[in-house]
Amino acid sequence: MFLRLIGYLFGIGALLALCVAAVAGFLLHRYNQDLPDYDVLAKYEPPVMTRIHADDGQLVAEYARQRRLYLPIQAVPDLVKAAYLSAEDKNFYNHPGIDVEGILRAIVSNLRNSGSGKLQGASTITQQVAKNFLLTNERTYERKIKEALLSLRIEQAYSKDRILELYLNEIYLGLGSYGIAAAALNYFDKSVNELTLAEAAYLAALPKAPENYNPFRDTERAVDRRNWVIDQMLENGYIRAEDAQKAKTEPLDVNPRPRGQYLFASEYFAEEVRRRLIDMYGSEKLYEGGLSVRTTLDPQLQALARKTLQKGLIAFDEKRGFRGPVDRIDIAGDWGKKLGEVGGLSDVPEWHLAVVLATGDGEADIGLKPKRLISGKLSDERETGVLPVSNMKWAKRSVKSASDVLSAGDVIFVEEDADKKGVYKLRQAPKIQGAMVAMDPYTGRVRALVGGFSFDQSKFNRATQAYRQPGSSFKPFVYATALDNGYTPSSVVMDAPIEIKAGDKIWRPQNYSNKYYGPSTLRIGIEHSRNVMTVRLAQDMGMPLIAEYAERFGIYDDLKPYLPMALGAGETTVLRLVTAYGTIANGGRKINATLIDRIQDRYGKTIYQHDQRECIGCEAQDWHGQAEPELIDQREQILDPMTAYQITSMMEGVVQRGTGSRVKVVGKPIAGKTGTTNEEKDAWFIGFSPDLVVGVFIGYDQPKPMGRGSTGGVLAAPIFADFMKVALADEPAKPFQVPPGIQLIPIDARTGLRASGAEGEKVIMEAFKPGTAPPSSYSIIGYQDSSGQPLTVTPEADRAISTGTGGLY
């Protein structure tokens, strides 16, 4: 009887097996032909975020459509693996792709909970890989069958570790995070190696439905799910009971990482890098290619540039008074909620939006904009302060009461007094704008770049995108052209009225002072920024030659050979002009401005490097008495090094005795030039030390007069000086290097003649090239005698001219 029963059961088992085999055969035949090619997994390159770093490695910005960092399975901590295996597929390393035990367990569980709506799934990690990579999300039996068949194939083709690696890097975990590496950063601002047990368990709770376990909106549910994962990890033997209990008592403590820029004051710099990367590789490579970009940015110099430029813009703006509140709101009821809807300046954290609650004789009571919590909601706390009349005196010519300036309901910017907590100063976003660039003159590496007062206020980059007239800051290139073509710093040009015919019109250039000073040396012409002298010099050389030099320096692409262009009437950018000054500073070698040092692809291979110099001997593994490695500088020499030193020396005079005298406070060797355009629409100062070149521009976005006296020496030079005082504070007072062959000869600074020791003579050391020397007499460029020949003046005649009536003009 027993044997007959055994035979009967065996027959039933065989029949069931045949049925299963038949069904499996049918399914294979039915769906096998339509299965997608799983070989794509071998070539899988997921969209990975591009990361931008400063030159010291600090993270500047991230760009991605999907925030993902790809992490090899070897770099995933065991704790993280254990959390995901416990939450998603505890039998992962034992099943062939589908988990029969898990399916039966899910069926039983779902039958028990059929009325509760809590249904349990049974998809393995392999099945999730098949679905996420190769199939759609449609909920049909056909898709599930294909998913199971693909899972069996995937398991045969790839190792378990490879499958888990694909899964952990592909899953979506909320907050825009794809993969565990990005999720660890975005939820906890940590790398995966720093995650605690509680944090790893929470991230493992998210794959099924991250929106259902939002840490802010669904905190209790999120904690319950996290604790369930911890219990599973304990049940599976991955952790100890005491560790599990401790982890379950911890709060979620989610601290979302901010998107976009991460390094303070770097917004304009980062955006310029982003645009350049798109130009180089396209937007797809930028947002999905996983590039690692090392930039030239010096975080300390960047913060300093932002601070000094903002200080200068605010000082100019406040002299023109208060323009009125940012907005107005009804302060009845909850003023904090209404104020929270008014947009401020996110990249000017020193300033706060506030609403005037009441005004009195001595001060205004203000309420500050509530802080925004991590969850995105406004805080319920309401912070108040006072705004004394003494801190708003700049707003009007005569301010005796707060009500003279403000009214209840006015929304304004305020900044807390550094010495008095709860006491604030009135602020306003300036309409005047500007830019600053700091560069290494030997490499073209941009160390700092600020394109305006606030990136949040205006994303237009005035350092790279604004084409403005440089005015007199272009003159050094006119004078350098002359020095490179036979003129000397002692060459004399007539500074006197001149008329130039242009068709039916007559152009009469004037000096800024509306005065004329007679015969003057090139040095005096540049030190005091004499317009008429520059025009005569350009006329004597010919504008085509100056245009060729301007294009050689990269200031312009196609400068028209018209005389007004010698006074900076063409348009260029701050970055291009700073780069050109850098060429003078380094001795005449052409440099290319760069914000990027190196770019690596997702695998770490360098695909771009700014430094193209060849290094002979740098690849040697050992030293065997060979010569030391040699860097071959292949940059083009576009200006004679002696000429570069001569014009540098003359621009030192601009700082010491001329229009840039406000820069003397730096206390270090500085060469530079001011620039001011017609009607004071643009103000510039570009200057350099032996190792750093810096340019400052000030002007309205829609060019208009800034007011009489708003020159480069008054507006831009002090900003330059404030920057350089700090930037060079720890640097020695390094002099500019004199190139071999230059002769330094004492001359009379006014006439350019060799110094005679005469009483009252102002003597300076002037730089002369070999074969040139101070003359014993001089010809005046731009002045002829009665026969049409250049007038030659002897020392005696010069003394007569200087003590007489100025009859030469």
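Modeller: The lining of the largest cavity divides into 5 nonpolar, 3 polar and 3 charged residues; here Ala, Val, Leu, Ile, Met, Phe, Trp, Tyr, Cys and Pro count as nonpolar, Asp, Glu, Lys and Arg as charged, and the others, Gly among them, as polar. The model is predicted, so local features need pLDDT of at least 70 and side-chain atom pairs count only at pLDDT 80 or more, while totals for chains, interfaces and linings use all residues. Residues are numbered from 1 along each chain as its sequence is written, and side-chain values use heavy atoms, with hydrogens and water left out.

The lining consists of Ala265, Glu267, Tyr268, Arg306, Gln310, Asp347, Val450, Gly452, Phe453, Ser454 and Phe455. A cavity is a set of points, on a 1 Å grid over the protein atoms alone, where a 1.4 Å probe fits but cannot get out, and lining residues have an atom within 4 Å of a point. Searching the whole structure gives 1 cavity of 30 Å³ or more. The largest cavity holds about 60 Å³ of space, a volume being the space filled by probe spheres set on the points, which are joined across faces, edges and corners.

Two helices, α11 (267–281) and α13 (299–318), each supply at least two residues of this lining; helices are DSSP runs (H or I, at least four residues), numbered from the N terminus.

Of the lining residues, Ala265 deserves a separate word. Alanine 265 lies in the loop between α10 and α11, and its phi is near 70°, a positive value in a residue other than glycine. Most residues other than glycine have a negative phi. Alanine 265 is buried, with a relative accessible area of 9% (buried means under 20%, exposed over 50%, partly exposed in between, with a 1.4 Å probe and protein chains only).

The loop between α10 (241–248) and α11 also holds aspartate 253. The phi of aspartate 253 is near 50°, again positive in a residue other than glycine. Aspartate 253 is exposed, at a relative accessible area of 59%.

Next, the nonpolar cores. In the largest nonpolar core, of 131 residues, Leu537, Ile698 and Phe723 touch the most other members; such a core is a set of buried Ala, Val, Leu, Ile, Met, Phe, Trp, Tyr and Cys residues joined through side-chain atoms within 4.5 Å. Apart from this core lies another, of 57 residues, including Tyr167 and Leu203.

Key:
On a 1 Å grid over the protein atoms alone, a cavity is a set of points where a 1.4 Å probe fits but cannot get out, and a pocket is an open set with protein on both sides within 12 Å along at least five of seven lines; lining residues have an atom within 4 Å of a point.
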